[in-house]
Amino acid sequence: MAKPYFLMGLAALSLGLAATDLTTAQAATWHSGTPKALRHTWFHNGKGDNKAYMTYSKTKSTGNLFGFDTASKHYYRLPGYGLKKLKYQALGHGVYRLSGIQYSPKGSRVQFEGQRLTYKVKLRRQTVHFYKGYANYGRKATFPVMKTPAIFNH
């Protein structure tokens, strides 16, 4: 007569353990800031004028396209916008979900200013793959870069 109670107890215990494993596997922890390996300036080396940059610090991201100076034949960074108060989830295999509040440079306003935006990236040693937008960014620019002209520095 003790066998049925033992089997029912074992079944209840295994069911309880299975349920707790499901809940912990589904919820990845949010960390404040950015992953240390992502903190760098990354460049999108597109064709023609399709060039961009993205810089990550500990708590924010800044990025935009490059402008072209016809006199020197060099590219320069346009004033950046991005996300502040960043937090991230590590999803495994170098994939991260980043989330932050969008901000814009002084004197302009971006479409989603003040809203929380979330996106995913895959980080490799020398590249960052964005799942939306400009796909791949590398650690080095393959085009000539100069300092931003004084006209843009307020």
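Predicted model: local features only at pLDDT ≥ 70, side-chain atom pairs only at ≥ 80, totals over all residues.

Me: What makes the patch of K60, K84, K85 and R116 positive?

Reply: Lys and Arg count as positive, and the patch consists of K60, K84, K85 and R116. Like charges are joined into a patch when they lie within 9 Å.

Me: Why is K85 called exposed?

Reply: Exposed means over 50% relative accessible area. K85 has 61% relative accessibility, so it counts as exposed. You'll find K85 in strand β6, residues 81–92.

Me: And why does T55 count as partly exposed?

Reply: Partly exposed is the range between buried, under 20%, and exposed, over 50%. T55 comes in at 23% relative accessibility, so partly exposed is the label. T55 sits in strand β3, residues 51–56.

Me: Why is strand β7 said to be largely enclosed by the rest of the structure?

Reply: Count its residues: β7 covers 95–103, and eight of the nine are buried, so the strand is largely enclosed by the rest of the structure. For the chain, buried residues make up 29% of the 154 residues.

Me: How do you know that β6 and β7 pair?

Reply: Two strands pair if there are at least two bridges between them. β6 and β7 run antiparallel and are joined by eight bridges, so they meet that cut-off. One place to look is L83, whose bridge partner in β7 is Q102. The two strands form a hairpin with two residues between them, and H93 in the turn has a positive phi of about 55 degrees.

Me: What pairs with β7 over seven bridges?

Reply: That's strand β8, residues 116–123, again in the antiparallel sense. Here I101 has R116 as its bridge partner in β8, and R116 also belongs to the positive patch.

Me: What makes β4 and β5 a pair?

Reply: Again, at least two bridges are needed. Strand β4 (residues 61–69) and strand β5 (residues 74–77) have four, in the antiparallel sense, so they count as a pair. F68 has Y75 as its bridge partner in β5. This hairpin has four residues between its strands, and K73 in the turn has a positive phi of about 60 degrees.

Me: How many helices and strands are there in the chain?

Reply: One helix and 10 strands. Reading from the N terminus, the order is α-β-β-β-β-β-β-β-β-β-β.

Terms used
Residues numbered from 1 in each chain as written. Heavy atoms only, no water. Patch = residues over 30% accessible without salt bridge, like charges linked within 9 Å, V, L, I, M, F, W, Y side chains within 5 Å. Areas by Shrake-Rupley, 256 points an atom, 1.4 Å probe, with all protein chains shown as cover. Salt bridge = Lys/Arg side-chain N within 4 Å of Asp/Glu carboxyl O. Charge placed at Lys NZ, Arg CZ, Asp CG, Glu CD. Buried < 20%, exposed > 50% of the residue type's maximum accessible area, 1.4 Å probe, protein only.
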